[in-house]
Amino acid sequence: MNTEITKLNGAMVMAACGMKELVRGLDRDLVERMAPVVRQQSVALDLACVDRIDAAGIAALISLYGHARDAGHGFAVANPTAHVREILSLVGLDRILLSPQAVERLQELTAA
């Protein structure tokens, strides 16, 4: 996975470039790479390139959200494809990871 990091107003936006699938086998790599980052600051994970997500990928996003929250930071998903957005909505994570409130919370945490 080739991960590009871009800082915006003190927030860190992670672009998961080259990651076409967030599925079993790739989920652990994402969590291992991103957990230290979300523990240090708020993160928006750019999923624009992710076409497919399964239960393991969803669990990875939940895990990263938990790590960030435990550290007092925010975690949100940015630019999901229509399919990924639909899956997140079906499991109820759109309210936590995609909602305007999640984005506002992320902005509040990075402004402080």
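Okay, ground rules. It's a predicted model, so local features need pLDDT of at least 70 and side-chain atom pairs count only at pLDDT 80 or more, while totals for chains, interfaces and linings use all residues. Residues are numbered from 1 along each chain as its sequence is written, and side-chain values use heavy atoms, with hydrogens and water left out.

Let's start with the layout. The chain has five helices and six strands, and from the N terminus they go β-β-β-α-β-β-α-β-α-α-α. By buried I mean under 20% relative accessible area; exposed is over 50%, and partly exposed is in between, with a 1.4 Å probe and protein chains only.

Now, the core. The largest nonpolar core has 26 residues, and the ones touching the most other members are L30, L61, L64, F75 and V77. A nonpolar core here is a set of buried Ala, Val, Leu, Ile, Met, Phe, Trp, Tyr and Cys residues joined through side-chain atoms within 4.5 Å. At least two residues each come from α1 (27–40), β4 (43–46), α2, β6 (75–78), α3 (82–90) and α4 (94–98). Which element gives the largest share of this core? That's α1, with six residues.

β4 and β6 pair in the parallel sense, over four bridges; pairing needs at least two DSSP bridges between the strands. Across that pair, D46 stands opposite A78 in β6. In general, side chains in a regular strand alternate between the two faces of the sheet. On β4, V43 and L45 sit on one side, A44 and D46 on the other, and all of them are buried. On β6, F75 and V77 point one way, A76 and A78 the other, and again all are buried. V77 also touches L45, L47, L61, L88, L97 and L98, leaving aside neighbours within four places in sequence.

Next up, α2. It covers residues 55–70, so 16 residues, and it reaches 22 Å from first C-alpha to last, close to the 22 Å expected at 1.5 Å a residue. The expected span is 1.5 Å times one less than the number of residues. Its buried residues are A56, G57, I58, A60, L61, L64 and A68. At the N-terminal end, D54 is the cap, with a side-chain oxygen 3.0 Å from the backbone nitrogen of A56. Just after the helix, G72 has a positive phi of about 80°.

Apart from neighbours within four places, V31 is in contact with P36, A60, S63, L64 and H67. V31 and H67 are 36 residues apart in sequence, yet 9.7 Å apart C-alpha to C-alpha. M34, also in α1, is buried because its relative accessibility is 1%. From M34 to H67 is 33 residues in sequence and 9.6 Å in space, C-alpha to C-alpha.

Last, two loop residues. S42 is in the loop between α1 and β4, and its side chain reaches the backbone nitrogen of G74 at 3.0 Å. For polar contacts the rule is N or O atoms within 3.5 Å; within protein, one must be able to donate a hydrogen and the other to accept it, and residues adjacent in sequence count only if both atoms are side-chain atoms. S42 is buried, because its relative accessibility is 3%.

Then there's N79, in the loop between β6 and α3. Most residues other than glycine have a negative phi. N79 is partly exposed, at 48% relative accessibility.

Notes: Contact means heavy atoms within 4.5 Å.
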